[in-house]
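Please look at the sequence and the structure shown here, and then read the briefing that follows, which goes through the contacts and the surroundings of some residues.

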Amino acid sequence: PEYWCSIAYFEMDVQVGETFKVPSSCPIVTVDGYVDPSGGDRFCLGQLSNVHRTEAIERARYPAWLCVCSVCAVCVQRVCSVCVQCVCSVCAA
């Protein structure tokens with residue numbers, strides 16, 4: 001397939017931004033709070049704006065700026081597993 005994964009970001013019950021589609025050529029995608037996606041293998045939450053964002057949502061989003069998550073697909077003989085792993089020191093503490 002052209003894409004192996006789609007990631008949508010929601011604040012409360014409202015999707016913010018477009019659905020991020022990960023190309024099959026990128027077996028690992030990074031999700032973080034930064035603002036520079038620099039390619040199809042990185043989904044940056046920091047670049048997403050929402051005119052209806054409340055202070056409570058801002059407080060909930062703040063830890064995402066510090067965290068980095070890695071999403072990868074492992075496919076063996078057409079059976080695929082998707083794993084999500086937090087790879088930041090803040091969440092590991």
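## A briefing on contacts in a predicted model

The side chain of Asn 50 reaches the backbone nitrogen of His 52, at a distance of 2.9 Å; this is a polar contact, meaning a pair of N or O atoms within 3.5 Å, where within protein one atom must be able to donate a hydrogen and the other to accept it, and where residues adjacent in sequence count only if both atoms are side-chain atoms. The model is a predicted one, in which local features need pLDDT of at least 70 and side-chain atom pairs count only at pLDDT 80 or more, while totals for chains, interfaces and linings use all residues. Residues are numbered from 1 along each chain as its sequence is written, and side-chain values use heavy atoms, with hydrogens and water left out.

**The chain as a whole**

- The protein chain has two helices and eight strands, which are DSSP runs numbered from the N terminus (helices are H or I with at least four residues, strands are E with at least two).
- Read along the sequence, these elements follow the pattern β-β-β-β-β-β-α-β-β-α.
- Of the 93 residues of the protein chain, 28% count as buried, where buried means under 20% relative accessible area, exposed means over 50%, and partly exposed lies in between (1.4 Å probe, protein chains only).
- The accessible surface of the protein chain comes to about 6,400 Å², and 58% of this belongs to carbon and sulfur atoms; such areas come from the Shrake-Rupley method with a 1.4 Å probe, and for residues only the protein chains shown count as cover.
- Among the contacts in the protein chain with a separation of 6 or more, 33% are accounted for by residues 24 or more positions apart, a contact being heavy atoms within 4.5 Å.

**Asn 50 and its surroundings**

- Asn 50 has its place in the loop between β6 and α1, and Asn 50 counts as buried because its relative accessibility is 18%.
- The side chains of Asn 50 and Glu 11 are joined by a polar contact of 2.9 Å.
- When residues up to four places away in sequence are not counted, Asn 50 touches Glu 11 and Val 16.

**Salt bridges**

- How many salt bridges does a search of the whole structure find? The search finds three, a salt bridge being a side-chain nitrogen of Lys or Arg within 4 Å of a carboxyl oxygen of Asp or Glu.
- Arg 53 forms a salt bridge with Glu 11, and the closest N and O atoms of this pair are 2.8 Å apart. Arg 53 lies in the loop between β6 (42–44) and α1 (55–66), whereas Glu 11 lies in strand β2 (residues 10–11), so the pair ties together parts that are 42 residues apart in sequence.
- Arg 53 also meets Glu 58 in a salt bridge between their side chains, at 3.7 Å from N to O. Glu 58 counts as partly exposed because its relative accessibility is 40%, whereas Arg 53 counts as buried at 18%.
- Arg 59 forms a salt bridge with Glu 55, with the closest N and O atoms 3.2 Å apart. These two residues, Arg 59 and Glu 55, are four residues apart in helix α1 and are therefore separated by about one helical turn.
- Both Arg 59 and Glu 55 are exposed. Elsewhere, salt bridges that share partners join Glu 11, Arg 53 and Glu 58 into one network.

**Further contacts of Arg 53**

- A polar atom of the side chain of Arg 53 lies 3.1 Å from the backbone oxygen of Leu 48.
- Arg 53 touches Glu 11, Val 16, Leu 48, Glu 58 and Arg 61, not counting residues up to four places away in sequence.

**The aromatic pair**

- The structure holds one aromatic pair. The rings of Phe 20 and Phe 43 have their centres 5.0 Å apart and their planes at 25°, so this pair is stacked; rings of Phe, Tyr and Trp (its six-membered ring) pair if their centres lie within 6.5 Å, and planes under 30 degrees apart count as stacked, over 60 as edge-to-face and the rest as tilted.
- Phe 20 is buried, with a relative accessible area of 15%, and Phe 43 counts as buried at 4% relative accessibility.
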